[in-house]
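Please read it with the structure open beside you.

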Amino acid sequence: MAQKNQEKGSTGGLPAATTPDRVRNVVLVGHSGAGKTTLVEALLAASGTIDRAGSVTAGTTVGDHDPAAVRQQRSVALSCAPLEHAGVRVNLLDTPGYGDFVGELRAGLRAADAALFVVSAVDGMDAATAALWEECAAVDLPRAVAVARLDHPRADFDEAVALCQRVFGDNVLPLHLPMLGDDGESVAGLLALVTRRVHDYSAGLPATVREPDPQHLPAIAESRGELIEGIIAESEDETLMDRYLDGAEIETGVLVDDLEKAVARGHFYPVLPVCAATGVGLDVLLDALVSAFPPPLARPLPAVTGPDGSPRPPLAGDPDGPLVAEVVRTTVDRHLGRICLVRVFSGTLRPEQTVHVSGHGRADRGHPDHDTDERIGHVYRPLGAALREVAGCAAGDICAITRVGGAETGDTVSAKDDPLLIAPWEMPEPLLPVAVAARRPGDADALARSLDRLIVGDPTLRLERNPQTHQLVLWCMGEAHADVVLDRLRAGGAELDTEPVRVPLRETFTLAATGHGRHVKQSGGHGQYAVCDIEVEPLPRGGGFEFVDRVVGGAVPHHFVPAVEKGVRAQLARGPLAGQPVVDVRVTLVDGRAHSVDSSDAAFQAAGALALRDAAERGGPALLEPVDTVVVRVADSAVGAVLGDLSGRRGRVLGTESDPDAEGRTLIRAEVPALELLRYAVELRSLTAGTGTFRRTFSHYTPTPTPTPTPK
């Protein structure tokens, strides 16, 4: 695996960071196609980490080494790409931009201390990126914006900045302006607004810094005033604004210092133009990542408890303190086994160290709570798929560890003698079911092994073995996620087929009816004799099953009554109409006959089943389908379209209300048949441009609609 990336041009390893203040953990976010992976490649090349930048279309990038990513030409998994700039290690966490892979995005946000929003100067941004900005704002995560793809003929930096200000707010201001070359079209440099200097890239990287030409001064002056006012507004020095309004010149060093402090606090969001293809702005962006984004200890660390939930003191982030780390991604390599990407929050992780691995709170996803002691193998510095062995990983840094057989994504790694637990991050519920089956009986073992590997590494994937339909159902985030999951299963050696997902139905009686069951056999020797009469009546929806014994005079001996009930239950489970379980009925045993020698439990079980089948012929059996309560969260502008769509799905809207957690969004509550929700995750995304979400819980069963007769 490591050799694969070395062939792509990766170079020697980075020195280990010994103190948290020499580390920056930055997650790159933005919609699919914005240019995140291409930008990471360019930054790696500009810093000398790799010899030359790879290509997304050629499948040679450091981050997109997954075969599914190469085939789809887009990121499908979180990747870590560390580089060194100005003596500081910057761990770049490249995340997928497509909504189906939100689990990988959440993992990247968990491991990072700041976010770089990559916005295309050509395509703008999608609504999901805007929602993510609000999510980062809720936890005061420092943010900056890189406007990429400036080399495209349709690139419009000014429009991209205006869009960011409309969506993200007024504190989003450019630090530099693009400077056109002699041809009047290509971007040849940047105009630095704070320093009033030109960064000229005509000769390539690094840029030549010089005085601006006269024609550049009006553009600098026009934008510089707004930028300085924004910086001063966030300054801790209250005298700066008065000095500025009085016409005093504010020293560049003071402005830069206040700017960096405001960005680190998450109160100011600089915009930096950058072009991965030509190198414009790469050095400026690297400087900003190192100087403006905070080190790990400047950010609040996650709360910890004991594995039993007992309270523990807050973490200090000390490399010499108690070990606490979190697994943010897990993969399985055929040679190295399980590889865990780990963010260390406290202490130092070393090779051959015995650690405690805790995983709690994900039992509903098929991950039972677990606590084990494991001896880790090596500690590596990851660069995409390539691994470079290091002597350890201190608090604040990110590394990869091997030979931790029981670790899964979201687990806490801590000291063996002082086990701790970090609460897992919130994961969205997978809502697109895909039924899979082994192609041949001999493929079942390979499918099971591949599924185990996938479930360990992907907390957004849920595996369900439906006991009624006997289907193996993978619950995925969407079609793209399902496509990647199936690819990985097949790559693991599993020959499989997909099949339509079957919704488990129920049957019930709509009319009261009587049934007679007679099981009499005499073929010499000990015979079988049992007769019983029952009454069946429907119960209200949700009434379940009731069995009543109303026999008088001992017509059915008391010790045979449980056998009758057992036979009735067995027939209810088989269903008289379509082989589906029968619910919401009361069965009353009213009469019967027994033989002193030939009657037995088995005979009365058979008679009870026959009596129920007889009653079903007159009881108006009907099919019931499950109905789920659905809560849909959408932007206010999409409410009408979603309500109309729910109506077309036989949904019954229960009400709408403003979302208390987000302005401009609405919660729609409805009851919808489960059959109509099989592809709702895909169709809701289409209706709402990727911003709509929903959750579902089982509510009740209701009769299936009677088909309308076709006119002759």
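1. Basis of the note. The model is predicted, so local features are given only where pLDDT is at least 70 and side-chain atom pairs only at pLDDT 80 or more, while totals for chains, interfaces and linings use all residues. Residues are numbered from 1 along each chain as its sequence is written, and side-chain values use heavy atoms, with hydrogens and water left out.

2. Helices α13 and α14. Helix α13 covers residues 561–574 and helix α14 covers residues 601–616, and the two pack at an angle of about 45 degrees with their axes 7 Å apart. Helices (H or I, at least four residues) and strands (E, at least two) are DSSP runs numbered from the N terminus, and the axes are lines fitted to C-alpha atoms, for helices over the stretch in contact, with angles from 0 to 180 degrees between N-to-C directions. The pair is therefore oblique, given that angles under 35 degrees count as roughly parallel, over 145 as roughly antiparallel, 65 to 115 as roughly perpendicular and the rest as oblique. The crossing of α13 and α14 is right-handed, a term used when the near helix is turned clockwise from the far one by less than a right angle, anticlockwise being left-handed.

3. The α13–α14 contact. On the α13 side the contact residues are A563, V564, K566, G567, V568, Q571, L572 and R574, and they meet D601, F604, Q605, G608, A609, L612 and R613 of α14; contact means heavy atoms within 4.5 Å. By class these residues are 7 nonpolar, 4 polar and 4 charged, where Ala, Val, Leu, Ile, Met, Phe, Trp, Tyr, Cys and Pro count as nonpolar, Asp, Glu, Lys and Arg as charged, and the others, Gly among them, as polar.

4. Helices α15 and α16. The axes of α15 (residues 639–648) and α16 (residues 680–687) come within 10 Å and cross at roughly 150 degrees, which makes α15 roughly antiparallel to α16. The crossing of α15 with α16 is right-handed. A641, V642, D645 and L646 of α15 make the contact with Y680, L684 and L687 of α16, a set that divides into 6 nonpolar, no polar and 1 charged.

5. Helices α4 and α5. Helix α4 packs against α5 (residues 127–138) at an angle of about 30 degrees, with the axes 13 Å apart, and the two are therefore roughly parallel. Their crossing is right-handed. L105, R106 and L109 of α4 touch L132, E135 and C136 of α5, giving 4 nonpolar, no polar and 2 charged residues.

6. The second largest pocket. This pocket has a volume of about 1200 Å³. On a 1 Å grid over the protein atoms alone, a pocket is an open set of points with protein on both sides within 12 Å along at least five of seven lines, a cavity is a set where a 1.4 Å probe fits but cannot get out, and lining residues have an atom within 4 Å of a point. Of its 41 lining residues, D66, P67, T331, V332 and D333 are the closest to the centre. Strand β13 gives the largest share of the lining, 5 residues, and the lining as a whole divides into 19 nonpolar, 10 polar and 12 charged residues.

7. The largest cavity is lined by 16 residues, with V76, G103, E104, D458 and T460 the closest to its centre. Elements giving two or more residues to this lining are α4 (102–111), β13 and α12.

8. Backbone details. The peptide bond from L205 to P206 is cis, with omega near -10 degrees, and P206 is in the loop between β9 (197–200) and β10 (208–210). D584, a residue other than glycine, has a positive phi near 60 degrees, and D584 lies in the loop between α13 and β32 (585–593).

Technical notes:
Points joined across faces, edges and corners; volume = space filled by probe spheres on them.
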